[in-house]
Structure formats: C-alpha cells, structure tokens
Amino acid sequence: MIRKIGILTSGGDSPGMNAAVVSVARCAAAHGIQLMGIKRGYNGLLGLSENPEDDIAALDLETVLDIADQRGTFLRTARCDEFKKPEVQRQCANNLRKLGIDALVVIGGDGSFNGAMHLSELGIPCVGIPGTIDNDLGYTEATLGYDTAVNVCVEAVRSIRATSRSHDRPAVVQVMGRNAGDIAMKTAMATGAEMVVVPEMDWDVDVLAARLNGLIAKGNTRATLIIGEHCWHKMKEFDWRKFLNDNGKVVYPGEPINAERLASILKRKCGGIEARATVIGYTQRGAQATAQDSAFAFEAGHLAVQLLNRGITNQAIGIRHGRVFNMPFADALMMKKHFDRETYELINSL
C-alpha cells in the first residue's frame, strides 16, 4: 500500500520537469497519497543541509499547482557523484525508509535512471520519467524537454539565417545535445540548414569547406552549418592551430577548438567570406515547455503514480508511437540509440 511518494529531478534541468511534478502531485492527491519533494537530486537524500526542509519537504497541491509553467525545475537539480558508491545508495535507501517514503519518482537521464535502478534493487520501488533535452535514451522516441530545446534552436537559427541573408554571411551555430545529434539534426531539417555535424559521425574540415565553397559558387552566400556541442572528438586529423596561426589568427597552445574557431577556419578556406559563429547554449534548457513536452509530462506523471499504486516498479516511462509506455530500467538502459544516417547525409547533400 503506497501512502507516501518521493519525487526528485536530477542531472541537467529540462523544460517540462515542473509539469511532470505537478502531474504526479495531482494524481497522488487523487489516490490519497502524500508527496514529498526531494531537492537537488540525489543530494537531497543525503541530508546535507542544516535545515531538513532544504533537502526534503511536503508538496501539497497549493504548493505546486502554479509551477507547471515555470521554467527550470522547482525542486532544483544537481549531479551527485557520491551516490555512485554502493554504501551511499544503501544510506539513501535507509533514509527514505526512515522518512516513511514508500516509493520514488525520478525525473532525469541515464545517470538518474541508473541511480533509481540501484534503489529499486535495495527495495525502494522506483519509476523514472526521462527528463533530458538531449534525447539520448535509446528506448524512447522522445525525452521530456527535447521538443522544447529543438523549438528554441529553430527560432534562433531562423533569426540568424535572416541576418546571414541580409549580410551575405555563412553561419556556424552550435546547439546542445551532449553525445547525441538529435537536436542538431532536427534543427537543421526544420530550418533548411545546408550542413550539419554531429557527435555520432566522423567529419572533415576540408569536406565542410568544399561544401561551403560549392554553395557559394551557386550563389548561396548565407549557408548555415549546425554543429552538435560534443562533435569535436570526431573531427578528422587537422592541425587547425597551425592553420589559423599561419593565416593571421593567433591561437595559443592548449586552447580548444570551438564554434568561433571553426568559423575562422571556414572563412580562410572559403575566400575570406565572413562566417560568423553563435552558441545557443542554456536558452535551450531554460525555455518554457512546449505543448508537446507539457502533454508528455502530464501523461508520464499519471502513469508513474498508476504503476506505483499497482505495485509495478523498477520501470522507465517513455513514448512509443506517440503514446506513453513503460519497461524495466535494465532493459531501457541497454537499448542503443538509433542514428538516422540517411537523413544526416541528405541534409549535407541537398
């Protein structure tokens, strides 16, 4: 019999986390279940704050009903390296039992789900809602916050392309996504960007330059290159520091490659055309959730409470064919992310 549920948001914040908390709160209240908010992810289970309510506090409907449309996460979030230790996991499980918390809803990415799976193995019933803009979990078609992040990027790139068109300047635009290129790919498709570089694929600076030179020769002087933030390790060997230093752009030893330096390289390989760089950054995380993400949060929160109330635990919630579903954490975390190479090549060839 579930009488008290804990809920936490962990890892990077993502749009829709607050809407998911509200959905869990409403459904828990409908079943007469008390909800406890655990603050700053798994850190809140360690009791690190001087005031206990800064770690865990009761969440009634009056407290949370107005947070659904708020940006960020009301419960705060943080990474907790300590929680990776088995003895710390046991301590957290015992702390939950002492507080009378019968089950836990975890909103986060793969690291957060791994933590929830360990707690489940220690006898704490857990259900996970995938909250990460990166869309890097292989078992689900979408994660909470991904649609919002893409929409932020699309709006930004449309504005950048308008200025690029006005000034006849190519643009290099860096988006988030960690080790997944989904945000970059979807943004490129939605905006008509002519090139995309993602962490899943090897890429060559000279190939990019040749592509840009070809577009310029056809009269396209405002082409857009979308790059995923963690694509640099897939760049084919190229002494970019020497190239820039030899061509009048000073780079000091140890300085990393980035979007601005890539734009400088393309400028010098493409006849001096003024390529400009923009890093969209945290605006992708801090935006107000789209209708799609908010609706996913509503359905996922309801399903989480239903599963726990029926004794179905150790489950990850996801989307399949547009509908929410659930599967065991272990199975979900084992599923590899599919990369759409055909679409990637199409974007870079049209």
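1. How many aromatic pairs does a search of the whole structure find? The search finds 6 aromatic pairs, a pair being rings of Phe, Tyr or Trp (its six-membered ring) with centres within 6.5 Å.

2. This is a predicted model, in which local features need pLDDT of at least 70 and side-chain atom pairs count only at pLDDT 80 or more, while totals for chains, interfaces and linings use all residues. Residues are numbered from 1 along each chain as its sequence is written, and side-chain values use heavy atoms, with hydrogens and water left out.

3. The axes of helix H5 (residues 146-167) and helix H6 (residues 182-191) come within 9 Å and cross at roughly 45°, which makes H5 oblique to H6.

4. From H5, Tyr146, Ala149, Val150, Cys153, Val154, Val157, Arg158 and Arg161 meet Asp182, Ile183, Lys186, Thr187, Ala190 and Thr191 of H6, where contact means heavy atoms within 4.5 Å. The residues in this contact of H5 with H6 comprise 8 nonpolar, 2 polar and 4 charged.

5. Helix H7 (residues 205-217) packs against helix H9 (residues 259-269) at an angle of about 55°, their axes being 10 Å apart, and H7 is therefore oblique to H9. On the H7 side the contact is made by Val205, Asp206, Leu208, Ala209, Leu212 and Asn213, and on the H9 side by Leu262, Ile265, Leu266 and Lys269. Sorted by class, the contact of H7 with H9 has 7 nonpolar, 1 polar and 2 charged residues.

6. The charged end of Lys269 also sits over the ring of Phe243, 4.7 Å from its centre, and that of Arg320 sits over the ring of Phe325, 3.9 Å from its centre. Sitting over a ring requires NZ of Lys or CZ of Arg within 6 Å of the ring centre and within 35 degrees of the ring normal.

How values were computed
Axes fitted to C-alpha atoms, helices over the stretch in contact; angles between N-to-C directions. Helix = DSSP H or I, 4+ residues; strand = E, 2+ residues; numbered from the N terminus. Parallel < 35°, antiparallel > 145°, perpendicular 65-115°, else oblique. Nonpolar A, V, L, I, M, F, W, Y, C, P; charged D, E, K, R; others polar. Phe/Tyr/Trp six-rings, centres within 6.5 Å; stacked < 30°, edge-to-face > 60°.
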